Amino acid sequence: MYAQLVKSEGSKSRDEMTPEEIAFQDRIDRNEKIEPKEWMPEGYRKTLIRQIGQHAHSEIVGQLPEGNWITRAPTLERKAILLAKVQDEAGHGLYLYCAAETLGVSRDELLEKLHSGNMKYSSIFNYPTLTWADMGAVGWLVDGAAIMNQVPLQRTSYGPYSRAMIRICKEESFHQRQGYDIMMKMCAGTPEQKAMAQDALNRFWYPALMMFGPSDKDSVHSAQSMAWKIKMNTNDELRQKFVDQTVPQAEYLGLTVPDPDLKWNEDKGGYDFSEPDWSEFFAVIAGNGPCNAERLGARVKAWEDGAWFREGLMAHAAKAEDRARAARHAAE
Ligand SMILES: [Fe+2]
Ligand SMILES: [Fe+2]
């Protein structure tokens, strides 16, 4: 299945490759890590910049829907947990921007592309967080889907990306647990609280399924990315794993997954389920989701509001360098 996919979707065959490309592919096939200063095909570099950049943007835009609830967390303990989680996401963004920078793109360039709409972030963050139960659903489903994606990426071929993923995954499992813990609390609460939990699941189920990207038959970059081990599983494989993991968790909560066609399939050893509405997915990606303008507006404002601080840091660094130069001069 994997070999078939790689062949049919346009990754280069060996006789189309240059000797350099063959040597590079052999290193990847031996599970060697590719490091920043080493030779790599231009397509590999570009695909990684796009993927890591998009991932970094998703981490920092992903702070916004949850940041929305920090001031309204129901208890001091919940507030402290949510704060820690949202701060972790900022850290994930930073590791990933650093990893992208090793490929020869600056953080400023990446952010400029985010702000001008030329680079994307995960479509999930263009949905609103309407109630406290959404903090549960986001941690449980959105961080849960992120883990599903990121655990295999710990083995990705590019060294800095792989190492960033190892650290990020440790924190993501805390995020998923804190979300599920909120859901457990709400589901053990009053009928109104349980109804809020159900409503949050209803709204986030399909957007969470969309996080794995379009169906394999419509996914353009898969084959080459898989040959390069930038992508380790297909979108549909990961989506299936996510559904199989999440349905029993919903049952444990006493909640209903909003899919009348959801059914255990003994033969495949997994659930059959309805596809998300892909026209909605493409509309959100194109900028027409419920919160696209608000999210991008918040990012641009944060960038502009922080200009004085970045300039201050640069001025300080320039002065420190001058002082160091003067001291060296005096010592000579
Ligand atoms: Fe994260
Ligand atoms: Fe997270």
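The site of the iron ion (ligand 1) is irregular, with angles of 85 to 147° among its four donor atoms. This is a predicted model. The iron ion (ligand 2) lies 3.3 Å from the iron ion (ligand 1), and Glu89 bridges the two. The points below cover both sites, a cavity and a strand residue.

**Iron ion (ligand 1)**

- Glu59 (OE), Glu89 (OE), His92 (ND1) and Glu172 (OE) coordinate the iron ion (ligand 1), at 2.0 to 2.2 Å.
- Along the chain, the donors of the iron ion (ligand 1) are spaced as E-x29-E-x2-H-x79-E.
- Distant parts of the chain are linked here: Glu59 is in helix H3 (residues 42–61) and Glu172 is in helix H8 (residues 159–187), 113 residues apart.
- Glu59 has a relative accessible area of 6%. Glu59 therefore counts as buried, since buried means under 20%.
- Glu172 is also below that cut-off, at 2% relative accessibility, so Glu172 counts as buried.

**Iron ion (ligand 2)**

- The iron ion (ligand 2) is coordinated at 1.9 to 2.2 Å by Glu89 (OE), Asp143 (OD), Glu172 (OE) and His175 (ND1).
- The spacing of these donors along the chain is E-x53-D-x28-E-x2-H.
- Angles among the four donor atoms run from 88 to 163°, and the site of the iron ion (ligand 2) is irregular.
- Helix H8 holds both Glu172 and His175. They are three residues apart, about one turn of the helix.
- His175 is buried, with a relative accessible area of 0%.

**Where the two sites meet**

- Glu89 coordinates both the iron ion (ligand 1) and the iron ion (ligand 2).

**Cavity**

- The model has one cavity of 30 Å³ or more.
- The largest cavity holds about 30 Å³ of space.
- Its lining consists of Pro65, Ile124, Phe125, Tyr127, Thr129, Val138, Val142 and Phe204.
- Seven of the lining residues are nonpolar and one is polar. None is charged.

**Asn265 and its contacts**

- Asn265 sits in strand S1 (residues 263–265).
- The Asn265 side chain reaches the backbone nitrogen of Asp267 at 3.0 Å.
- The Asn265 side chain also reaches the backbone nitrogen of Lys268, at 3.2 Å.

Conventions: Residues are numbered from 1 along each chain as its sequence is written. Chains are lettered from A and ligands numbered from 1 in the order in which they are written. This is a predicted model: local features need pLDDT of at least 70, side-chain atom pairs count only at pLDDT 80 or more; totals for chains, interfaces and linings use all residues. Side-chain values use heavy atoms; hydrogens and water are left out. On a 1 Å grid over the protein atoms alone, a cavity is a set of points where a 1.4 Å probe fits but cannot get out, and a pocket is an open set with protein on both sides within 12 Å along at least five of seven lines; lining residues have an atom within 4 Å of a point. Grid points are joined across faces, edges and corners, and a volume is the space filled by probe spheres set on the points. Ala, Val, Leu, Ile, Met, Phe, Trp, Tyr, Cys and Pro count as nonpolar, Asp, Glu, Lys and Arg as charged, and the others, Gly among them, as polar. Donors are N, O and S atoms within 2.8 Å of the metal (3.2 Å for Na, K and Ca); water is not among the atoms, so sites may look incomplete. Four donors count as tetrahedral if all angles lie between 85 and 135 degrees; four count as square planar and six as octahedral if opposite donors are over 155 degrees apart and all others between 65 and 115; anything else is irregular. Helices (H or I, at least four residues) and strands (E, at least two) are DSSP runs, numbered from the N terminus. Buried means under 20% relative accessible area, exposed over 50%, partly exposed in between (1.4 Å probe, protein chains only). A polar contact is a pair of N or O atoms within 3.5 Å; within protein, one must be able to donate a hydrogen and the other to accept it, and residues adjacent in sequence count only if both atoms are side-chain atoms.
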